[in-house]
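Please open the model in a viewer and follow the stops below in order. Each stop names a selection and then describes what is found there.

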Amino acid sequence: MALEQDKSQPDSADSLVWDLPLRLFHGALALSLVGSWVTAKAGFDWTETHFLFGYTALGLISFRLIWGLLGTTHARFHNFLTGPKSVLRAFGQLKKKTQPGEISHVGHGPLGGWASVVLLALAMTQAVSGLFISDDIFYAGPYNSAVSDSLADYLGWLHHTNFDILLAAVALHLVAIIWYLLGKNENLIKPMITGKKNIGPSIAQSKIQLGIHSNFVWRGVFIGVFVLGMVLLLVNLAPEPEYF
Amino acid sequence: MFRTIILLSFLTALSGNLFAASAEERAQTGIDTRQGLLKVVASYFSPIVGMARGQIPFDAAVVEKNAGKIAQLAPMLEDVFAMDTRASGLQSGAKDGIWEDKADFNSKAATTAERAVALASSASQGDGLNMKAFGALGSSCKNCHESYREKDDS
């Protein structure tokens, strides 16, 4: 785990940047957010499915938080969360076209890095607040009875307000990708699917300028199973609802 | 004479306080009453929700009885919300719209009563819980809550 980079990789070939567990996480989170949205709008008899999407999102976000500490180079928070100076500089470079055959960043840039953390925080807020709230009529989250009515009401307000913020943040995320594609001439979508980028002739001095040599699949499976177990435990330890 | 004036002014001041307190108490009683009524409604609806979710066994007699009670209780919503407590400054989940559009509020309560009657009669026909009637009743509750129940902590 100390040496994740492969310094001898050939310059012309595509290098692995986004590991497979990270890509699966990304796709699954996108699906569970869309699924949550659709089932929230579809009427009360879809609420149980809505809960399942919420639990899935909760597990996926927990996975990503652990992966940000134990995952591959470009998945780790400390490799892409940068200070305000480089964030400001990155804003300035948003207008600059990327030359053919070049890329702006191997992993996340300063803006994309922070954006991913903001999206994670918003999605986490959404999933956690959902555990405690009730629609007054048909359904209550598994931990609704564990909090006071006024706290549950506040979290219900948060669940509905935070959703709008999350939706706006996802829209901004998509706009940024389209801007990169059309405005900057840089395709960020393909690497998020294949995992690979053409890094070009490498004069890299640090591992964050290099690709990764492994997907860490087994580590991903292990953390995935752990997170799944935690979510199942959380849902099953919830107090039984009473009907009287 | 002097003592009488002192006594009278004292009593006047005191009664002023008493009336002020009683206005707030009256508003609080009004809020407690309407919240109580909605809790009673919920207590009749809750077992039906449990049956709809398959968490307690279906019992036609309970559905018929409870939906019947909800049909009797729903028209009382108009009465218990007749007192306008907006000026009292007391906290409750009631939105101002209740008193700004009383006709709509009352018609929503009337819809709940009608749908409760429909659910009760469907239960007496004996083919399990009519999910359409159940959903219609619950949606009428939800519809009114979305318009008139404050969902933040105020």
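Where in chain B is Ser92(B) found? In this predicted model, Ser92(B) is located in the loop between helix H3 (76–80) and helix H4 (97–100) of chain B. Select Ser92(B) and display its surroundings: it has 18 C-beta neighbours inside 10 Å and therefore counts as partly exposed. Beyond the neighbours within four places in sequence, Ser92(B) is in contact with Ile31(B) and Thr85(B).

**The nonpolar cores**

Next, select Ile48(B), Ala67(B), Ile70(B), Ala71(B), Ala74(B), Ala116(B) and Leu119(B). Within the largest nonpolar core, which has 30 residues, these touch the most other members. Two or more residues of this core come from each of H1, helix H2 (60–73), helix H5 (102–124) and H6 of chain B. Which element gives the most to this core? It is H5(B), with 7 residues.

Centre the view on Ala116(B). Not counting residues up to four places away in sequence, Ala116(B) touches Ala67(B), Ile70(B), Ala71(B), Ala74(B) and Leu137(B). A second, separate core has 24 residues, including Leu22(A), Phe25(A), Leu58(A) and Ala127(A).

**A helix pair in chain A**

Now select helix H1 (residues 20–41) and helix H2 (residues 47–70) of chain A. Their axes come within 9 Å and cross at roughly 155 degrees. Angles over 145 degrees count as roughly antiparallel, and H1(A) and H2(A) are therefore roughly antiparallel to each other. The crossing of H1(A) and H2(A) is left-handed.

To view the contact itself, colour the residues on both helices. On H1(A), those that meet H2(A) include Leu22(A), Phe25(A), Leu29(A) and Ser36(A); on H2(A), those that meet H1(A) include Phe53(A), Leu60(A), Arg64(A) and Trp67(A). By class, the contact of H1(A) with H2(A) comprises 12 nonpolar, 8 polar and 1 charged residues.

**Between the chains**

Finally, display both chains together. How many residues of chain B are in contact with chain A? There are 15, and they are in contact with 14 residues of chain A. On the side of chain B that touches chain A, the elements giving two or more residues are helix H1 (2–52) and helix H6 (131–148) of chain B. The residues of that side of chain B divide into 4 nonpolar, 7 polar and 4 charged.

Notes:
Residues are numbered from 1 along each chain as its sequence is written. Chains are lettered from A and ligands numbered from 1 in the order in which they are written. This is a predicted model: local features need pLDDT of at least 70, side-chain atom pairs count only at pLDDT 80 or more; totals for chains, interfaces and linings use all residues. Axes are lines fitted to C-alpha atoms, for helices over the stretch in contact, and angles run from 0 to 180 degrees between N-to-C directions. Helices (H or I, at least four residues) and strands (E, at least two) are DSSP runs, numbered from the N terminus. Angles under 35 degrees count as roughly parallel, over 145 as roughly antiparallel, 65 to 115 as roughly perpendicular and the rest as oblique. A crossing is left-handed if the near helix is turned anticlockwise from the far one by less than a right angle, and right-handed if clockwise. Two residues are in contact if their C-beta atoms, placed from the backbone, lie within 7 Å. Ala, Val, Leu, Ile, Met, Phe, Trp, Tyr, Cys and Pro count as nonpolar, Asp, Glu, Lys and Arg as charged, and the others, Gly among them, as polar. A residue is buried if 20 or more other C-beta atoms lie within 10 Å of its own, exposed if 12 or fewer, and partly exposed in between; C-beta atoms are placed from the backbone. A nonpolar core is a set of buried Ala, Val, Leu, Ile, Met, Phe, Trp, Tyr and Cys residues joined through C-beta atoms within 7 Å.
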